Amino acid sequence: MAEVALRQVVKKYGDVEAVRAIDLDIPNNEFVVLVGPSGCGKSTTLRMIAGLEEITSGDISIGGQVVNDLPPKDRDIAMVFQNYALYPHMTAFDNMAFGLKLRKFSKAEIKQRVEHAARILDITELLDRRPKALSGGQRQRVAMGRAIVRNPKVFLFDEPLSNLDAKLRVQMRTEIKRVHQKVKTTTVYVTHDQVEAMTLADRVVVMSQGRIEQIGTPHELYHHPRTRFVAGFIGSPAMNFIPCRLEQAGSGLRARVSDTIALPVPSSREARYRSVVGKEVVLGLRPEHITEPRHNGRADGCDFDVTLDVVEPMGMETMVFFTINGTEFCSRVEPSSAGDAGAKMRLHANVDHMHLIDPASGAVI
Amino acid sequence: MSTATLVLPTGKTAPTRSSLRRSRRWALFASYFFLILFAIFFLMPPYYMVVTALKSDAEMARLATNPWFIFDGVTLDQFRILLTQTDFLIFFKNTVIVTVCVVAITMVISVLAAFALGRMRFWGSSILATGIFLTYLVPDTLLFIPMFQIVKSIGLLNSYWGMVLVYPTLTVPFCTWIMIGYFQSIPKELDEAALIDGAGHMQMLLKIFIPVALPGIIAAMIFAFTVSWAAFVYPMAFLYSSDQQVLTVGTVTSLIRGDVYKWGMLMAGALLAAAPPLVIYAFLMDYYIAGLTAGATKG
């Protein structure tokens, strides 16, 4: 177990900069998830920590030791791959024991460690099977077992659940979290799925175009995104964005979205937004913060009427889609309150959760 | 779907089904027809060899009988004389020695070369891989004159050890090429996993790549075996005394004297010479098909 630190790490492929000078500190025992769209450099970062890619410049240290020039086997890390990468000619037991055999552990020690890992992962009955005779989920467990038996300083996961079907993915997600709570090894986990990131991580690192956009707990990223990218990436369905103008209304401020809709800015935010009064900004509001009116008829200026384009019942809630000024919006409402497509509906914006974004820099104000 | 059609034999599905069945029957019929034709065509020469090898010289000399059948009774005389009164066993021994050595040398060189060229990316590796394949395209009938000079200069003319040196020029390029393809089909994550598990390149090759690529290795071995067992041009050019001769050339040169063809023994010798490849093919073919790589990754 150890902490991992990245200092100004750069990776270039020819002229293309895949990773641009990132800094990241991962304390001991923490579960960190690197998340971002494909091509954002998250897998490259993971592979550089693993030693499978050389770094162009910067420093990577594991447990206080700079490992830039160490081969993967000397970094004391274990990795779980997206396609499992089990050795097809070996049984599950031998797959898990391979690393230990190469490191010259005694037979008894190997047996004890493999059986311990098998118990954690509930695969004791599968140990004498070859990968061919295992299902996708079982293969993934064996791959995790191979990582656990080594008792490494750091676990690295490279999109380990992408090859599983939706139901199994949720199950294995819980499994990974459970395993981490048991073995508590520092973990770096790469995924493009923000739900996986939110559910698993102690801290999430959102990456885009080779840069770190924001590092924070799932709660921080959800409630206090620092950039438009993070605001739009975290949360499903994604946050709604619409251009608006911030205008003075008496003593308060209003965000004018259209000729008929102007949302009052909560007084607690007025000081923060004072500098952009009169300017064009982008308003961000999550679907879950646009609902049917729930304030017992006490109008506060946040209600507005729309015509529904599409209605998607989900069971416990209903997604309704509509457009304001040509921008598509999504909102989550009570199933009973949603009309049919084409119907008019009154909605309420929960402005306490609004974000204003500077359109030029993409930064949340 | 078939149960649905059985339960509801509507007017629409019935004709489709029977026409499907009819076209399938035609396809089967046509394929059987051509397969049988093909089998007859290729089994004719071996059959003729067997028949001839089991005849007496006297029967062969009698031109009145049909050569496709045995009339005067089956005899093993041809085999007995071949094995006891000719150098056939020496040729056989020489061929076995040459072939075993060539297969061993070929596999060591081409597995190592293919691993390096296929997996360890280095500057010029792909050009080198293509270059190796191109050398295979130069026919041995073109190469044997310069080869003669080389073999002679190192004093291995008229020695089957010269063959051990020369045959790999035919087998190594092709086997390397097969193995490169095979190694490249093994997912990259497998060596990365081995690398993280602590394997060096040699351990990775021995413990992961060779077992996983076994079907490919066996295919390459069969190829090397066949080439070296059946080589004709090189021994014809480089070997002239019968204690150094190999089967292909030896059988022919010792059993054809001037215009006297010992047909019975020639056929018996050809049959015995063809036996080892036959046995090896029969036993190792299964390995070809064994899908060992299945299950390595998501499949």
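Biologist: What is the handedness of the crossing of helix 5 of chain B and helix 12 of chain B?

Modeller: The crossing of these two helices is right-handed, a term for a near helix turned clockwise from the far one by less than a right angle. This is a predicted model, in which local features need pLDDT of at least 70, side-chain atom pairs count only at pLDDT 80 or more, and totals for chains, interfaces and linings use all residues. Residues are numbered from 1 along each chain as its sequence is written, with chains lettered from A and ligands numbered from 1 in the order in which they are written.

Biologist: Why are helix 5 of chain B and helix 12 of chain B called oblique to each other?

Modeller: The axes of helix 5 (residues 88–119) and helix 12 (residues 214–230) of chain B cross at roughly 140 degrees and come within 9 Å. Angles under 35 degrees count as roughly parallel, over 145 as roughly antiparallel, 65 to 115 as roughly perpendicular and the rest as oblique; the pair is therefore oblique.

Biologist: Which residues of helix 12 of chain B make the contact with helix 5 of chain B?

Modeller: Among them are B:Ala220, B:Ala224 and B:Trp229, where contact requires C-beta atoms, placed from the backbone, within 7 Å.

Biologist: What makes up the contact of chain A with chain B?

Modeller: Chain A gives 24 residues and chain B gives 21. On the side of chain A, strand 6 (77–80) and helix 2 (92–102) are the elements that give two or more residues.

Conventions
Contact = placed C-beta atoms within 7 Å. Helix = DSSP H or I, 4+ residues; strand = E, 2+ residues; numbered from the N terminus. Axes fitted to C-alpha atoms, helices over the stretch in contact; angles between N-to-C directions.
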